[in-house]
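Here is a short report on a single chain.

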Amino acid sequence: MSLLGARPITRRRYGVGGYVDGYWVDGTPALDTVDASVQVLKGRDREALPEGVRASDGRKLYLDDPTALQTVQQSAAQRADEVLIDGAWFTVMKVQPSHPLIPHVRALVVAIPEGASA
């Protein structure tokens, strides 16, 4: 099934990280492409985000593949996936099933501040 308005977006997924000499080192990032319908994040969707990031620039993504994006909570040894939308990087905050009759997931993403390490 194809979602209305879906377009390819770049995903950055980090490999499994680990401790080296007592310091955490993130896994190596890999770029890939996923198809998603990108929407503005507002209202109730913002309330679903943690309190510290509700005011951040955000987007809502609809995807066919429930494994296309992952949050940091889904794997403690990996960073959350990041997506490139209109020239800006966003981090995946929440991935949730959206509707029982239409097989797709909804992902909430927030902008990574410019200058933050990738």
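## Strand pairing

Strand β4 (residues 29-40) and strand β5 (residues 58-63) run antiparallel, joined by four bridges. Across this pairing, Val-38 stands opposite Leu-61 in β5. The model is predicted.

The pairing belongs to a barrel. Six strands close it, in the order β1-β4-β5-β8-β7-β6. The pairing is antiparallel. On average, neighbouring strands of this sheet are turned by 45° against each other, direction ignored.

Arg-12 lies in strand β1, which covers residues 7-14. Is Arg-12 buried or exposed? Its relative accessible area is 11%. Buried means under 20%, so Arg-12 counts as buried.

The side chain of Arg-12 makes a polar contact of 3.5 Å with the side chain of Tyr-14. The charged end of Arg-12 also sits over the ring of Trp-89, 3.8 Å from the ring centre.

Tyr-14 has a charge over its ring as well. The charged end of Arg-79 sits there, 4.2 Å from the centre of the Tyr-14 ring.

## The aromatic pair

How many aromatic pairs does a search of the whole structure find? It finds one. The partners are Tyr-19 and Trp-24, arranged edge-to-face. Their centres lie 5.1 Å apart, with 75° between the planes.

Tyr-19 is exposed, at a relative accessible area of 62%. Trp-24 is partly exposed, at 38%.

How values were computed
Residues are numbered from 1 along each chain as its sequence is written. This is a predicted model: local features need pLDDT of at least 70, side-chain atom pairs count only at pLDDT 80 or more; totals for chains, interfaces and linings use all residues. Side-chain values use heavy atoms; hydrogens and water are left out. Helices (H or I, at least four residues) and strands (E, at least two) are DSSP runs, numbered from the N terminus. Buried means under 20% relative accessible area, exposed over 50%, partly exposed in between (1.4 Å probe, protein chains only). A polar contact is a pair of N or O atoms within 3.5 Å; within protein, one must be able to donate a hydrogen and the other to accept it, and residues adjacent in sequence count only if both atoms are side-chain atoms. Two strands pair if DSSP finds at least two bridges between them. Axes are lines fitted to C-alpha atoms, for helices over the stretch in contact, and angles run from 0 to 180 degrees between N-to-C directions. Rings of Phe, Tyr and Trp (its six-membered ring) pair if their centres lie within 6.5 Å; planes under 30 degrees apart count as stacked, over 60 as edge-to-face and the rest as tilted. A charge sits over a ring if NZ of Lys or CZ of Arg is within 6 Å of the ring centre and within 35 degrees of the ring normal.
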